[in-house]
Structure formats: C-alpha cells, structure tokens
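Please look over the sequence and the structure shown below before reading on.

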Amino acid sequence: MVTEPSWAAHALLIANPRAGERDRQRIDQVVAHCEGLVPHLDVVHTEYQGHAEERAARAAASHTEAVIVLGGDGTTREVASGLARSGLEQPGGRRPAMVNIPFGTGNSFYQEIWGDAPWRQVLDQALSGEHPNLRWVDMAHILEIDVLALLGAGAGLVADALEAAQGMFEIPGRDRYQQAVAQIMGTYTPYEGRVSVDGRVVHEGPVALVNIGGGRYRAGRFKLLPHSVIDDGLLDVCVVGGPMGVRELAGLTRDGSHIGRPGVVYERGSRFVVERTDGRQLSFEHDGELCTGEASRYTIEVLPAVLPVLAPPAPMQGPPRVSSFAEHVEGVV
C-alpha cells in the first residue's frame, strides 16, 4: 500500500546481492520501503556481469517509470549504461529515471547526487510527489572497448590500486581502496605517457595518475576532479606527473587540494586520449572495473545529458541543469 503520493506507478528495483556490504537484510528493507512508495514494484537480483544492464534496457522499453539500483558503483554503471544506450538508440523515446541506493564499496555516485543523506530519506524524496525532479547526467564513451562510464576512467595509480584492492576482502567498504593505495605507494613508478584534450596535448612525460570523468569522487573518498559537474556537457581530466610526490597524493586528493600544485594538470573538454608512449600495456579502469586488454591507448568522449537521474530539488554543487517532468515529458516518464 502506498503511504505517500507517487509520480511513479511502476518501478523496477535491481539489487546486486554480491555487492560490497553483502547484507541481505538491507535488500529486504529497501524492497519493503519501496513497496510503500510505488504501487507496482518488480524486483530483480543480478546473477551475472551485465545482468543489470540487460534489465535496465528492458525496463526502458516497457512502462517502467523508475529504476532503483541497490548496489555499488559497478552495478549503478551497468544500469546507467542500459538506460543511456536505449536513449541513444531511440532518441526522444520514453525512459525511466534512475536512483541508486548505496550497497557497495565506494558508492561514489550516490555521494555525488545525495551526499550523506540516509537512503530512506532519499527514496522518499525521489519517488514521492506529483512529478520527479531530474538531472540529465553526462556519461563517457570509451571508444576502444565500447563502454559507457558513469563516474569516469583512470590510468596509472588509480587502476593499480584497484587491482591491489581485489584481494582485500577482509577490509570493509571504502577503507579497502585507501589501504590499497597506501600499499602500492612505496613502490609505484610513474609510466611514460601522453594525454590529449580535444586534439591538444596537455601533458607528455612521466604520469603517476590520470582521471577523466564527470563525477568529483572516486572510491567514495578521493576528490580527484573537484571542479567537475555531472551535467555540464563536458568531462574533466586531472593528470598528475612526475614532480608531484606519489606519497603525498592520497592525502591531497581527499579534499581536492592537489589542484594547482606543480606537476598537476587540470583541463575540461569533450574528447580525451590517454596513452603510454612506450607502447606497453596501459593500466586502465572505468567506474572501478579494470580493463584486462593489452591496449596502450584509450579514447574517451563525452555523451551529454544521456541519463535521467532522480535528484534533490537543487544540485549539491555546480551550475544547475535540473529538469522538471513537464520540460522532458517526451524523454522520460
């Protein structure tokens, strides 16, 4: 029974029971809360990689009006990709709006939209009322592997720390990635690389870290792109070169104070090329997922305003591009 008026009559909840917290009781709690907000709720537990993307794409082709994601940043990216691709394939078609509930390790996208708000409050605000409040979020297309990234992509220290964190399941939540960064810092060696933005080389030489995206946070704690706005139609890039000491980097990126220091380049644009100049395999990741190929070069392009996301009445930071239901009735239910 619905306890508050809801703009959404049909919603789909996609839950990843293998996400970082692995608390099945949380899944039951979220389902029960959503059933009190939405008249018709379908629930899917993901069973394999790509399952969430498939179900999101199917939801976009149905009468579903909202997709609720219960998982980490990886599951959220899959759902975002499924919804965004459906919009790219059928421009102007009806698409569900997405809201994600933290259930993983980093939960960076949740923090980007809702900060530290409790999940019950988020669901109440996102699903109640006569109309949804939306932000049309940009995504990044990684051309060589045809992947849509939500938070962004990175090379160097970011990717190597993810690889180290994979075997640290005894360490909970966001502490896992922080511990992995600390572990590899003592032996990390920058690679020789080049980064271009819209055809212009912005850095060439030793590279400790590259991060490209629309989200400010990675791993929930590191503010690698502090000036980034998720719906401004552009992506930001931060390149940390040789002069910046790797050991001090983790502390500085906690609050974004690495920006403006020697050896740090910060740019904004639409098309980015990240490469190793020695031809060796580039350690590369997107949304916390390691790329396993042997490529030495990746190209990233922005896809502006491809994802409708349920959001608070006013954005947490940056210039607003908040859309009412009436303004986008042709694009999203």
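Is Arg200 buried, partly exposed or exposed, judged by its relative accessible area? In this predicted model, Arg200 has a relative accessible area of 44%, so Arg200 is partly exposed.

## Helix H1 and its buried side

Helix H1 covers residues 24–35, and at 1.5 Å a residue its twelve residues should span 16 Å, which agrees with the 17 Å that separates its end C-alpha atoms. Within H1, the residues Arg26, Ile27, Val30, Val31 and Cys34 are buried. They cover an arc of only 135° around the axis, and are therefore on the same side of H1. An α-helix has 3.6 residues a turn, so residues three or four places apart point the same way.

The exposed residues Gln25 and Asp28 are carried on the face of H1 that is turned away from its buried side. The cover over the buried residues of H1 includes strand S1 (10–15), strand S2 (40–45), strand S3 (66–71), strand S4 (97–102) and helix H5 (119–127).

## Ser196 in strand S8

Ser196 is part of strand S8, which runs over residues 191–197. Its relative accessible area is 10%, and because that is under 20%, Ser196 counts as buried. Apart from neighbours within four places in sequence, Ser196 is in contact with Val201, Val202, Arg271, Phe272 and Val273.

## Salt bridges

Side chains of opposite charge can pair when their charged atoms come close. Twelve salt bridges are found when the whole structure is searched. In one of them, the side chains of Glu204 and Arg194 meet with an N to O distance of 2.9 Å. Glu204 lies in strand S9 (residues 200–213) and Arg194 in strand S8, ten residues apart. Glu204 counts as exposed, at 51% relative accessibility, whereas Arg194, at 23%, counts as partly exposed.

Glu267 forms a salt bridge with Arg200, and the closest N and O atoms of this pair are 3.2 Å apart. Because Glu267 lies in strand S11 (residues 264–269) and Arg200 in strand S9, the pair ties together parts that are 67 residues apart in sequence. Glu267 is partly exposed, with a relative accessible area of 23%.

## A loop pair and a network

Asp232 and Arg268 also meet through their side chains in a salt bridge, at 3.8 Å from N to O. Asp232 lies in the loop between S9 and strand S10 (235–241) and Arg268 in strand S11, so this pair ties together parts that are 36 residues apart in sequence. Asp232 is partly exposed at 25% relative accessibility, and Arg268 is partly exposed with a relative accessible area of 36%. Through salt bridges that share partners, Arg194, Glu204, Glu275 and Arg297 are joined into one network.

Key
Residues numbered from 1 in each chain as written. Predicted model: local features only at pLDDT ≥ 70, side-chain atom pairs only at ≥ 80, totals over all residues. Heavy atoms only, no water. Helix = DSSP H or I, 4+ residues; strand = E, 2+ residues; numbered from the N terminus. Expected span 1.5 Å × (residues − 1). Buried < 20%, exposed > 50% of the residue type's maximum accessible area, 1.4 Å probe, protein only. Arc of directions from axis to C-beta. Contact = heavy atoms within 4.5 Å. Salt bridge = Lys/Arg side-chain N within 4 Å of Asp/Glu carboxyl O.
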